[in-house]
Amino acid sequence: MAVRERVQPEAGKLVDMAWDPITRIVGNLGIYTKIDFDNREVVSCKSTSSLFRGYSVFMKGKDPRDAHFITSRICGICGDNHAVCSCYAQQMAYGVKPPPLGEWIVNLGEAAEYIFDHIIFQDNLVFVDFCEQMVKETNPKVWAKAQSADAPHAELHGYRTVADIMRSYNPFTGETYKEALLMSRIGREMICLMEGRHVHPSTVYPGGVGTIPTPTLFTDYLSRLLRCLDFIKKAVAMNDDVFDFFYEALPGYEEVGRRRVLLGCWGAFNNPDHVDYDYRNMDSWGNEMFVTPGVVVDGELVTTNLVDINLGIRIMLGSSYYEDWVNEETFVSRDPLGNPVDRRHPWNQTTIPKPQKRDLEGGNYSWVMSPRWYDKRTGDNLALDTGGGALARLWATALAGKVDTPFVKATGHSVQINLPKTPNTPEQTLEWNVPQWSNAIERDRARIYFVAYAAGMALHFVDKALNEVRAGRTKVFEDFDVPEEAIGCGFHEAVRGVLSHHLVIREGKIANYHPYPPTPWNGSPTDSYGTPGPYEDAVMGQPIFEENDQDSFRGIDIMRAVRSFDPCLPCGVHMYLGQGKTLRTVHQPMFGEHS
Amino acid sequence: MPNIKLGKAQVSQDEPAHTPGINQGNATGNYEKMSGHHADGTSSATRSTGVNPKAHEPIDPSMPNLSPA
């Protein structure tokens, strides 16, 4: 793994360039780079966050049954992923398994979330970097080529040239841009049907759901899904045409955002025929998930065992504004299987914030910690990334070869997706093959393929759910009692990647709670071993293809690299008001204690 | 605890969301108390709204007893 080297700026050669905050993402992500304009290369990169939130601090002492409602508020776009993951962790702690129909309803809600969120991010945010206006401004030669480049899949999407596709991505005016907004609305309607509300579900609870499973619920969902499928089939073909064109028009573009293949996926869509939420059986039911969990290192699938994945998680400091917790309490020394649990594991973490001045030259510079995964084969603490979520999910699922449903099948080297005939389009078979690189283009390409994957899975889940309803099994919630002492962990995939919630209950209250969403993994700063975080690693050393000179430099290649990870910082860190600002209480919606 | 200046807490951090003595929706045994929800996970017309549930049974025993869900 690359180790950060201190860069000595030489007069007139290296130029400091910073984007803080980066736009078209949520949160306060800053990217600070040193660019060598003579050699057209980024020499150094640091990823910072100036936002502190403190969920792990204020969750302590609360009723664990509130955890999914509170942690859902971590994010304004994938809050339902947090709610579901928290329910998984609570179900383990309470020892309760929801009825199958409840599980299918959660899976349907989550599939709709992947469809909605990936579409809005891809077509309304990522493709602004690939649209006519942007390419004209940053790479006029590429735009000239695009105008004469025939689109290979023109018969599928109706755009004759690559330039026509790029024109359709223009923000606010482009056809695809506008259609994607409509699709993301339909996706949100689908989530609301299953989970009561979007973004913070109102009918998802530990033990099941409160959704009333009428046949109409599922047919309403299905009719919306079929409308999305028409769009998805077209979108995959357009994505392939644009991304293949970039490789062709800009030789060497595969180096943009490229890093070693270090991918983590924590698995999604539990299979109610197998899952029992017992930690001791987690390896077995984790492997039955409809997105297989896994860690992929240098193209090799290291493990699909959720217990190994869990025990390998290490939370490092090194460049973050926190005090170490080595002298604080150890909450879980052994897991329910008797395996030792590390001091740096989220179950044992205590968050001790230490605000300070940002120091990008060898000091601390971010509120994000540095999650790493301990590879017991080599003893390395790996800076895994999620490939924007979709890349790691498809990669791990493809290599594991375990998923086999009527619509989606993992082959060991690829994922096949069969989409049925829909109102405006014929039946279509798509195949996502494991790519050569983990780079910006492949992260972006995987995103639209995963939308197709989620849609195929949703079709399967609708079938399964309707089978339950037709058989009369309408139970969607299982009763439980909250234990005095318990531990639990939930593994799920937020839209942009790995998501885990670790929970310790004592005296019926939360003693420790640590959500680890994808962006701390991707946006982490350099850790105590000197290992840079994935954004830093991906941008450092990447060539610059932008045609603009230093004075009108837009940093488009750097932005494409960073945005390919689908950055979303509010989940990256756990309120800072600045000096002298006073908060005034207007209303305090709490029972009791009106002091 | 962090060595930073904090404001005065407005409520204690473990202010209960649940008040002891009040029934808990999740508690075991609640499912059995609900009309129209059967032990085998199926349900019948009495499930309806919970208001006068017995009046929601089919008026003729030969009619199918369909759950509203």
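**Note on the predicted model: core, confidence and chain contact**

1. Helix α4 of chain A is largely enclosed by the rest of the structure, because 25 of its 25 residues are buried. This is a predicted model. Helix α4(A) covers residues 100–124. From first C-alpha to last, α4(A) reaches 36 Å, close to the 36 Å expected at 1.5 Å a residue.

2. Leu108(A) deserves a look. Leaving aside residues up to four places away in sequence, Leu108(A) touches Met194(A), Tyr221(A), Ala458(A), Phe461(A), Val462(A) and Ala465(A).

3. Now the cores. The largest nonpolar core has 170 residues. Leu108(A), Leu394(A), Tyr449(A), Ala455(A) and Ala458(A) have the most contacts inside it. Helix α14 of chain A (residues 440–470) gives this core its largest share, 17 residues. A second core of 8 residues is separate, and includes Ile315(A), Leu317(A), Tyr322(A) and Trp367(A).

4. On confidence, chain A averages a pLDDT of 92, and 93% of the residues score at least 70. Two stretches of chain A need care. Residues 1–7 of chain A have a pLDDT below 50, with 14 contacts in the model beyond near neighbours in sequence. Residues 572–583 of chain A also fall below 50, with 21 such contacts. Where pLDDT is low, the predicted coordinates should not be read in detail.

5. Last, the contact between chains. Chain A puts in 28 residues and chain B puts in 24. The side of chain B that touches chain A holds 14 polar, 8 nonpolar and 2 charged residues.

Note on methods: Residues numbered from 1 in each chain as written. Chains lettered and ligands numbered in written order. Predicted model: local features only at pLDDT ≥ 70, side-chain atom pairs only at ≥ 80, totals over all residues. Core = buried A, V, L, I, M, F, W, Y, C linked by C-beta atoms within 7 Å. Buried ≥ 20, exposed ≤ 12 C-beta atoms within 10 Å, placed from the backbone. Helix = DSSP H or I, 4+ residues; strand = E, 2+ residues; numbered from the N terminus. Contact = placed C-beta atoms within 7 Å. Nonpolar A, V, L, I, M, F, W, Y, C, P; charged D, E, K, R; others polar. pLDDT = per-residue confidence, 0-100. Expected span 1.5 Å × (residues − 1).
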